[in-house]
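Biologist: I would like to learn how to read a model like this one feature by feature, with the general idea given before each case. Could we start with a single residue and work outwards?

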Amino acid sequence: MKKRTMLFAGFAVLGLVTSLGVLDICDCTRLAGGPAVAAASDTDKPISEGVKIVAYYFHGTTRCATCRKIEAYSHEAVQAGFGEALRAGKLEWRTLNVEEPANRHFIKDYQLYTRSVVLASFQGDKQLRWKNLDQVWVLVGDKGQFTRYVQNEVKTFLESR
Amino acid sequence: MDSLFLALGSALWLGVLTSISPCPLATNIAAISFLSRHVDRPWRTFVLGLLYTVGRILSYVAVGLIVMVSLVSIPSLSLGLQTWMNRLIGPLLVIIGLFLLNVLKLNIPALGFGPGGRIERLANRGGYLGAALLGAAFALSFCPVSAALFFGSLVPLALAHQSGTAMFSVYGVGTAVPVLGFATVLAFSSHWLTKAMRVTASVERWAKAITGVVFLVIGIYYIWMYTFSPATF
């Protein structure tokens, strides 16, 4: 009886720890009492005049741990590599929730099938070209490679605009 | 030929990458718990794991071929599966959990449900069909990571090599290997431990109950995350 009780207690503790681990890893901020929706979500505002590049991060309302990491790494890569272009307004970083009705059109516009980092160049309100940086999901495990990939793509866009 | 092997290796790696990412962790835990509950017959875990793998493969091949023949657009299929399968998985896990805990019992002898009925005999044989169906359902419940790697990396690879079925099958194996390995190791170590302590039969009963609780907890978590959260996909 004692052995059985000990084994069951062991399994129960393991189950509890694992469940808590799942909740933590999945970054369930709502369960942890955090904000329901990330505050830093822009609206679909118009692009100002002149040729400029917009680096979008598209997400949904539920944010997974890897999705947050991709957003943070991408934003950091853009800020660290292109501070001057950001200040000059040649480059802009935008975070958008595609579940908001005003932003749903981006799913079709950029063929979004998951959370994505997209670069787009604009001349005034006219879009010239765009690219989905789909390798971010493969490279997210290596921050150095991830940063180089995003910065190279942004650099190519800035140089060829 | 070399490039095909390289592509198949990449497909396998993409599968493993999908499986070890945090996003499908909850369903992986449910699968490990379901597969490794046969403490008295650990080899059954391995066979169930193989069937779980087959279930995953069938789902990925089906979705991949639908995309390759352009029956539906990738965004609508991907976002549709992410929305609806994750909403279905929650209640499904809760129902299976309640059955495993013997809270829910069906008594329809005409359909084989009930004490000594066809369904109970099938379930007692080890739930082989259940393992395959569980694998198929879990594979279809795409999350952001699996959707990105499947639709963004694997589908272009399959299109480039015109070998969809092989690529999707190898990817399916990759997504199941960590679960299969972990469940088998867990079943064998539990078997040896409980045999040494001479409590195998009682632990078997507890393992089934624990599996039920795990399904219930993860099911409630899925229902909360994908149905009752303000808005999700």
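Biologist: Is Asn102(B) buried or exposed, and why?

Modeller: The class follows from a neighbour count: a residue is buried if 20 or more other C-beta atoms lie within 10 Å of its own, exposed if 12 or fewer, and partly exposed in between, with C-beta atoms placed from the backbone. Asn102(B) has 10 other C-beta atoms within 10 Å, and therefore counts as exposed. Keep in mind that this is a predicted model, in which local features need pLDDT of at least 70 and side-chain atom pairs count only at pLDDT 80 or more, whereas totals for chains, interfaces and linings use all residues. Residues are numbered from 1 along each chain as its sequence is written, while chains are lettered from A and ligands numbered from 1 in the order in which they are written.

Biologist: Where in chain B is Asn102(B) found, and what is its phi?

Modeller: Most residues other than glycine have a negative phi. Asn102(B), however, has a positive phi near 60°, and it is found in the loop between α4 (74–100) and α5 (118–124) of chain B. In chain A, Gln111(A) also has a positive phi, near 50°; this residue is placed in the loop between α4 (105–109) and β3 of chain A, and it counts as partly exposed because 16 other C-beta atoms lie within 10 Å. The element names refer to DSSP runs numbered from the N terminus, namely helices (H or I, at least four residues) and strands (E, at least two).

Biologist: How many helices and strands does chain B have, and what confidence does the predictor report for this chain?

Modeller: Chain B comes to 9 helices and 0 strands, and its mean pLDDT (the predictor's confidence in each residue, from 0 to 100) is 84, with 87% of its residues at 70 or more. For the complex, the predictor gives an ipTM of 0.72 and a pTM of 0.76. Of the 233 residues of chain B, 45% count as buried. Contacts (C-beta atoms, placed from the backbone, within 7 Å) tell how the chain folds back on itself: of those in chain B with a separation of 6 or more, 85% are made by residues 24 or more positions apart.

Biologist: Why can helix α2 of chain B be called largely enclosed?

Modeller: Helix α2 (residues 25–35) of chain B has 10 of its 11 residues buried, so it is largely enclosed by the rest of the structure. Among the buried residues of α2(B) are Ile29(B), Ile32(B), Phe34(B) and Leu35(B). Gly130(B) belongs to helix α6 (residues 128–140) of chain B, and with 17 C-beta neighbours inside 10 Å it is partly exposed.

Biologist: At what angle do helices α7 and α8 of chain B cross?

Modeller: Axes are lines fitted to C-alpha atoms, for helices over the stretch in contact, and angles run from 0 to 180 degrees between N-to-C directions. The axes of α7 (residues 144–161) and α8 (residues 164–197) of chain B come within 8 Å and cross at roughly 145°. Residues making the contact include Leu154(B) and Leu157(B) from α7(B), and Met167(B) and Phe168(B) from α8(B).

Biologist: In chain A, what is the order of the strands in the open sheet?

Modeller: Strands of a sheet pair through backbone hydrogen bonds, either parallel or antiparallel. Here pairing requires that DSSP find at least two bridges between two strands. The open sheet in chain A has 4 strands in the order β2-β1-β3-β4, with mixed pairing, and its edge strands are β2 and β4 (126–132), each pairing on one side only. Strand β1 (residues 51–59) of chain A, with 7 of its 9 residues buried, is joined to β3 (residues 116–123) by 8 bridges in the antiparallel sense, and Val51(A) stands opposite Gln123(A) there. With β2 (residues 91–97) of chain A, β1(A) pairs in the parallel sense over 7 bridges, where Ala55(A) has Trp93(A) as its bridge partner.

Biologist: Which strands of chain A does helix α2 lie across?

Modeller: Helix α2 (residues 65–81) of chain A lies across β1, β2 and β3, at about 160° to β1(A). Helix α6 (residues 143–159) of chain A lies across β1, β2, β3 and β4, at about 10° to β3(A).

How values were computed: Contact = placed C-beta atoms within 7 Å.
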